[in-house]
Amino acid sequence: MSKNKLYLIVLIACFSGYLYLFLTSNYFEGEQTSVCMIKNATGYPCPSCGTTRAVQSLYKGDLTGSLLYNPFGIILSVALFILPFWIGFDLTTKRKSFYEAYNKIESVLKQKKIAIPVIILVVLNWIWNIYKEL
């Protein structure tokens, strides 16, 4: 994937995430309605169920609540905050540090000794979501 295509995709994803968080900021207050298509179709939460509520809890200063909703929310929050600035820095300085870091991380994640534990963590998070009846 080209640098420009990656940067465009990541920026669109980040700003879509910001927009979604803004539009749903009061939606989950006391609601049990799910917007997850997997949960609506199967009745079981997906591994990322609760991530929106986790990000919203973190932005309200509730770290414990965020972790209880879904630990992926912390990772997503950090990404949503850092990535647009990192890409903006690269574009203004004509560097490609984010592109190089992305390619390096991708190659590391392809290694079985890394990929298998990551997959296990995702499955454990999924089991925990099912157990919590998210």
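Val123 is partly exposed, with a relative accessible area of 38%. This residue sits in helix α7, which covers residues 112-132. The structure is a predicted model. In this model, the C-alpha atoms of Val123 and Gly88 are 34 Å apart. Along the sequence, 35 residues separate Val123 from Gly88.

The overall architecture is helical. The chain holds 7 helices and 0 strands. From the N terminus, the order of elements reads α-α-α-α-α-α-α. The C-alpha trace spans about 45 × 35 × 30 Å along its principal axes. The chain has 134 residues, and 27% of them count as buried. Its accessible surface comes to about 9300 Å². Carbon and sulfur atoms contribute 70% of that surface. Contacts were also considered by sequence separation. Among contacts with a separation of 6 or more, 59% join residues 24 or more positions apart.

Helices α1 and α5 form a crossing pair. Helix α1 runs through residues 3-23, and helix α5 through residues 72-93. Their axes come within 10 Å. The crossing angle is roughly 145 degrees, and the crossing is left-handed. On the α1 side, the contact is made by Tyr7, Val10, Leu11, Cys14, Gly17, Tyr18 and Leu21. On the α5 side, the contributors are Ala79, Leu80, Phe81, Leu83, Pro84, Ile87, Asp90 and Leu91. By class, this contact has 13 nonpolar, 1 polar and 1 charged residues.

Tyr7 counts as buried because its relative accessible area is 2%, and buried means under 20%. Its side chain makes a polar contact with the side chain of Asp90, at 2.5 Å. Beyond its neighbours within four places in sequence, Tyr7 touches Ile87, Asp90, Leu91, Arg95, Lys96, Ser97, Phe98 and Tyr99. Of these partners, Ile87, Asp90 and Leu91 are among the α5 residues that make the contact with α1. The C-alpha atoms of Tyr7 and Asn40 are separated by 32 Å. Along the chain, Tyr7 and Asn40 are 33 residues apart.

Helix α3 was examined next. This helix comprises residues 51-59. Its buried residues are Thr51, Arg53, Ala54, Val55, Gln56 and Ser57. The cover over these residues includes α1, α4 and α5. Just after α3, Gly61 takes a positive phi of about 90 degrees.

Thr24 lies in the loop between α1 and α2, the latter spanning residues 37-42. Thr24 counts as buried, since its relative accessibility is 9%, under the 20% limit. With neighbours within four places in sequence left aside, Thr24 is in contact with Thr52 and Gln56. Gln56 is one of the buried residues of α3.

Asn70 is buried, with a relative accessible area of 0%. A polar atom of its side chain lies 2.9 Å from the backbone oxygen of Cys49. Neighbours within four places in sequence aside, Asn70 is in contact with Pro47, Ser48, Cys49, Gly50, Thr51, Ala54, Asn125, Asn129 and Lys132. Thr51 and Ala54 are among the buried residues of α3.

Lys94 has a positive phi of about 55 degrees, although it is not a glycine. Lys94 counts as exposed because its relative accessible area is 75%, and exposed means over 50%.

Technical notes. Residues numbered from 1 in each chain as written. Predicted model: local features only at pLDDT ≥ 70, side-chain atom pairs only at ≥ 80, totals over all residues. Heavy atoms only, no water. Axes fitted to C-alpha atoms, helices over the stretch in contact; angles between N-to-C directions. Helix = DSSP H or I, 4+ residues; strand = E, 2+ residues; numbered from the N terminus. Left-handed = near helix turned anticlockwise from the far one by under 90°. Contact = heavy atoms within 4.5 Å. Nonpolar A, V, L, I, M, F, W, Y, C, P; charged D, E, K, R; others polar. Buried < 20%, exposed > 50% of the residue type's maximum accessible area, 1.4 Å probe, protein only. Areas by Shrake-Rupley, 256 points an atom, 1.4 Å probe, with all protein chains shown as cover. Polar contact = N/O pair within 3.5 Å; in protein donor to acceptor, adjacent residues only side chain to side chain.
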